Amino acid sequence: MNREHLRILLPVLSLGILLAAVFYMQPRAMSYFGLNLLFNLAVPVALATIAQMMILMVNDIDLSIGSFVSFCACVTATFVQTDPVIGYGILFAAILVYAAMGAIIYARGLPAIVVTLGMSFFWSGMAVLVLPSPGGSAPDWLRALMTAKTPILPVAIIAPIVIAVVMHYFVKRSSLGVLLRGVGGNERAVARSGWSVTGLKAFAYGVAALFCVLSGMALVGLATSADANIALRYTLLSIAGVILGGGEFTGGRVSPIGAVIGALTLTLAASFLSFLHLSPDWQIGAQGAILIIVLAVRLVFTRREALV
Amino acid sequence: MNMINKDNNMQPQKRSARDFLELVSGKPWIWAFLAAGATYLATLLVVTNSAGAGALLYAALTFASFSVIVGVGQMFVVTLGPGNVDLSIPATMTLAATLSLKFMATDGALIVPGVLIAIGVGLVCGLFNFSLILLLRIPPIIATLSSSFLFQSLAIWSNRGVRVKPPELLAQFSTGGIFGLPNVALIALLVSVLAWCVLEKTIAGRWVLATGQNKRAARLGGVPVNAVRFVVYVGCAVLAGVAGFVLASFSGGANLNMGTEYMLMSIAVVVIGGSSIAGGNSNVPGIWGAALFMFLIVSMLNSYGLGAGVRLMLTGLIIVSVVVLASKRRHQI
C-alpha cells in the first residue's frame, strides 16, 4: 500500500463509519429511496468541493465559491430557464472572469484569499441584481435530470461517482493534471521548464468556475428555485470537504476521490444528527466536530506515513 | 530615515513631490488613508452641507472601530506567516456577545463581570483554537474554521433566537462620545496604540515579526515560537470577544449573524492596510485607514442612491482594484 492509498483510506473509513451509524439507527435508509434522500444535497456540495480542490491544487484558496455558486444558481433559475442563449452566455462569461482572476492573481502576485473575498462581494451583488427576491424556477430538463429514477443506484450516488472518477483521471492521470499539481508543488520549477504558470493558473480557475456553474445548476435542479444567498455555506463546506478528503493546503497534494468523499461525509453528518434527534442547533457544530476528529485521526496516519 | 524626511519637508515646494513619493513607497499604509480620503471627498460631492460631512466622519469613526479591534487581532495572526488566518472571529464575537449580554440581563450593576465574561469567552476560544493548531497540528485555517462551527452552535444554543438587550448604561456609553469622538473609537484607538507599541517597540513584537519571516530561523535564534503563536492566537480571540461585546452593546443586542461581515472585514483591513498577507511585515496605522475606507465606500455608494446589488458589486470591485493597485508586480506574464 503506497502513500496515495494510505491518504485515501481515512476519508473512506470515516464515510463508512458514519454511514454504518446511520444505517444502524435507521435501517430503512438502506434503500434506493433512503440513499437518494441522504445524499441528494451532496451533489452540488461535491461539485463545489471539486471547484475548491482545483484552487487549492495551485496553492490558492477561494473564499468566493459560496457566492459564485449562488450567482450561478440565480442565473440558472432565471435566464437559463427563460432565454437559454443569454443564460449560457452569462455563465460562460462568468467562467472567463474567473479564469482572468486566476491569471491576475498570479501575474501581480496577489493574495488569493483577499481577491476572492473581494470577488465574493461582486458575485453576491450580481446575484442580487439577477434575482432580487427568492424565486425563479428550474429548467425542466435539469429538474428531470436531478430527480431521474435511474436503475439500481439513485442519481445521488451515481453523480458523485462519475464526478470523482472523471476528475481522478483528469487530475491524477492526464499530463495537464500533473502540470497543475506541479504549479502547486513548485511553480518556479514549472515556469523554468517553459510553461506559462499564468496560463495554468487561469486554466485551474476556469475549471473551478465550470464546476461552480455545474454546482449552481444542480442546486437549482434540486431546490427548483434560487435566491442570492442559497449557497453561501458552500465556501466553508468546500474547504472542509477537500481537507477531509485528504487534501493539503499547499504543495498541490489533492485527491479528487477524497474530495468527493469528504463532501459526502459532511452532507451525511447533517442527516446523522437528525437521526440522533439532536436539536438542529448543533448541526453546524457537529460538522466542525467531525472535521476535528478526522484530522486528529489523520495525525496518527501521517506520523506512520513519515516512518514509511 | 524619518529624520531625513522631516528635514526635507521644511524646504518649500521644490522637493515635496519627491518626498511624497518617498513617503508613499516607505509607508505602505499611506495608500489606505489616501483611498479613504478620496472616498470621503467623493461622498461629499453628494452630501453638500457641512453638518452631513461631520456626521459622516463621526459615523465612519464609529463603524471603523469595530473593524479596527478585530483587525488588530487578525493582523497579529496574519503576521505569523503564510497560512495563519483566524476564521473564527465572527463566531467568537457572537458567542462572547451572547453569553455576556445574557449574563448581564440588562442589569447595569453587572457590567464589569459582563466585560470579564466577554474576555473570558475570548480566552477560551483562543485556547481551543491554539490547542487544535499545536496539539493536533491542524492547519490554522481549518482549525479556526472547524472551531468556529462549534462556537456558532454554542451561540445558537444559548441564544435561542432571542435578542438580549444590553444594560441601559452600557448602551448609552457605547453609542455616546466625548471630545467629539465616539467612545467606541476611543476604545479602538486605545487597542491600536497598545498594539502599535507591542509590535514596534517591544521584543515580543519583534518576535512576532521574526516568526512570520522565518519560523525555523526564529526558533534557532532563540525566539519562543510556540509561546509567541499561543499569545497571538489567544490575543486575537480576546479582541474578537471584546469587539463582539462592544458591537452588541452599540447595536442594542446580540444576534446570531452580527459577526458575519467581520470575517471579510478583519482580513481586508489587514491587507488593504498594507500588511503583507504572507506575514512578517505588518503595520497598525494602515488598519485604521483601511477600516475607514471600507466603511466610506459603502456609505459613498449608499449616498449615490444605488441599489443593494450594485452596491455589493462595486464594493467587491473596488476592494479588488485597491489590492491590485497596491501590489508590487512580481511575475512576468
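**Helix 4, chain A**

I looked for a bend in helix 4 of chain A and found one of about 40 degrees at A:T76. The model is predicted, and I read every value below as computed from it.

I then checked the length of helix 4 of chain A, which covers residues 65–82. At 1.5 Å a residue its 18 residues should span 26 Å, and the end C-alpha atoms lie 25 Å apart, which agrees.

Next I asked how many residues of helix 4 of chain A are buried. I noted 15 of the 18, so this helix is largely enclosed by the rest of the structure.

**Surface patch, chain A**

I looked up a nonpolar patch on the surface and listed its members as A:I152, A:L153, A:I161, A:V165 and A:Y169. Together they have about 520 Å² of accessible area.

I took A:V165 as one of these residues and placed it in helix 8 of chain A, which runs over residues 155–173. Its relative accessible area is 42%.

**Chain B**

I moved to chain B and recorded 15 helices and 2 strands. The chain has 333 residues, and buried ones make up 51% of them.

For contacts in chain B with a separation of 6 or more, I noted that 75% come from residues 24 or more positions apart.

How values were computed. Residues numbered from 1 in each chain as written. Chains lettered and ligands numbered in written order. Predicted model: local features only at pLDDT ≥ 70, side-chain atom pairs only at ≥ 80, totals over all residues. Heavy atoms only, no water. Helix = DSSP H or I, 4+ residues; strand = E, 2+ residues; numbered from the N terminus. Buried < 20%, exposed > 50% of the residue type's maximum accessible area, 1.4 Å probe, protein only. Contact = heavy atoms within 4.5 Å. Patch = residues over 30% accessible without salt bridge, like charges linked within 9 Å, V, L, I, M, F, W, Y side chains within 5 Å. Areas by Shrake-Rupley, 256 points an atom, 1.4 Å probe, with all protein chains shown as cover. Salt bridge = Lys/Arg side-chain N within 4 Å of Asp/Glu carboxyl O. Expected span 1.5 Å × (residues − 1). Bend = angle between axes of the 7 residues up to and from the residue.
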